Amino acid sequence: MLPFAPAAERNKDAIRDVLGPHLAERRRLLEIGSGTGQHAVHMTGALPHLLWQCSDLADAVPGIAARLDAEGNDRTPPPLALDVAAPPWPVPEAGAPDAFDAIFTANTLHIMSFAHVEQFFERIGEALARPGILAVYGPMKYGGDFTTQSNAEFDAQLRARDPQSGIRDFEILDDLAYGQGLTLAGDNAMPANNRLLVWHRGAS
């Protein structure tokens, strides 16, 4: 049986509708923390011009590979083993001809430590082509406050399991993105009290 995430199934159309226009001019996307590969299959089906490179920790790669073998296409290459906290990432550098001009991650930053979130943005600075976009999906805080009581309860559950995890502040993420030459282009409300943040990186 292929790996399956109910949340990915529920949010895939909403992500496609919001993210699709930002990807109209992009050609090569790297997904960090692909999980099950469901986003890759769905998004490349909707965006026939886009190559979608999955990546995740090594123990998740076989499951993603199985899904791509069964449901993928010639724009879903074999997944990469990639650990955010273990540089360098196994991808082309930003200035390379085959560099990724889009990077996407869903429901990952709140399960990392904050040190790993900082490293995530540092590596984005090294890997994302110009022009390019970064898109981050998941729950957020604003001004230190949760947007809903359910998100506050979710954050408590995360921190009980791992004190270094937790829902991140939008303002801190935006500052980290700005430090890598990224400018916020969209902060979109999504299902289940999530957000989809999109930053653009200019050509120079």
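**Close-up 1. Helix H4 meets helix H6.** Phe-114, Val-117, Glu-118 and Phe-121 of H4 touch Ile-172, Leu-173, Leu-176 and Ala-177 of H6, where contact means heavy atoms within 4.5 Å. Sorted by class, this meeting place has seven nonpolar residues, no polar ones and one charged. (Ala, Val, Leu, Ile, Met, Phe, Trp, Tyr, Cys and Pro count as nonpolar, Asp, Glu, Lys and Arg as charged, and the others, Gly among them, as polar.) This is a predicted model, so local features need pLDDT of at least 70 and side-chain atom pairs count only at pLDDT 80 or more, while totals for chains, interfaces and linings use all residues. Residues are numbered from 1 along each chain as its sequence is written, and side-chain values use heavy atoms, with hydrogens and water left out. Two packed helices are described by the angle between their axes and the distance between the axes. Here, the axes of H4 (residues 114-127) and H6 (residues 170-178) come within 9 Å and cross at roughly 35°. Axes are lines fitted to C-alpha atoms, for helices over the stretch in contact, and angles run from 0 to 180 degrees between N-to-C directions. The crossing of H4 and H6 is right-handed; that is the name when the near helix is turned clockwise from the far one by less than a right angle, and left-handed is the name when it is turned anticlockwise. Helices (H or I, at least four residues) and strands (E, at least two) are DSSP runs, numbered from the N terminus.

**Close-up 2. Helix H2, tucked in.** Seven of the nine residues of H2 are buried, so the rest of the structure largely encloses this helix. Buried means under 20% relative accessible area, exposed means over 50%, and partly exposed is in between (1.4 Å probe, protein chains only). The buried residues of H2 are Gln-38, His-39, Ala-40, Val-41, His-42, Met-43 and Thr-44.

**Close-up 3. Thr-105 in strand S5.** Look for Thr-105 in S5, which runs over residues 100-106. Thr-105 counts as buried because its relative accessibility is 1%. Setting aside neighbours within four places in sequence, Thr-105 contacts Ile-32, Phe-120, Ala-135, Val-136 and Tyr-137.

**Close-up 4. The largest pocket.** This pocket has a volume of about 550 Å³. Its lining has 25 residues, and Gly-33, Asp-56, Asn-107, Thr-108 and Ile-111 are the closest to its centre. On a 1 Å grid over the protein atoms alone, a pocket is an open set of points with protein on both sides within 12 Å along at least five of seven lines, a cavity is a set where a 1.4 Å probe fits but cannot get out, and lining residues have an atom within 4 Å of a point. Grid points are joined across faces, edges and corners, and a volume is the space filled by probe spheres set on the points. Helix H1 (6-19), strand S1 (28-32) and H2 (38-46) each supply at least two lining residues, with H1 giving the most, three. By class, the lining holds 11 nonpolar, 11 polar and three charged residues.

**Close-up 5. The second largest pocket.** Here the volume is about 240 Å³. Among the residues lining this pocket are Ala-7, Arg-10, Asn-11, Asn-107 and Tyr-137. H1 and helix H5 (149-161) are the elements that give two or more residues to the lining, and H1 gives the most, with three. The lining divides into six nonpolar residues, five polar and one charged.

**Close-up 6. The largest cavity.** How many cavities of 30 Å³ or more are there? The count comes to one. The largest cavity has a volume of about 70 Å³. Of its 13 lining residues, Leu-109, His-110, Val-136, Pro-139 and Met-140 are the closest to its centre. Strand S6 (128-138) gives the most to the lining, with three residues.

Close-up 7. A cis peptide bond links Pro-87 to Pro-88, with omega about -5°, and Pro-88 is in the loop between strand S4 (80-81) and S5. Another cis peptide bond joins Arg-130 and Pro-131, with omega about -10°; Pro-131 is in S6. Asn-107 isn't glycine, yet its phi is positive, near 55°. Asn-107 is in the loop between S5 and H4.
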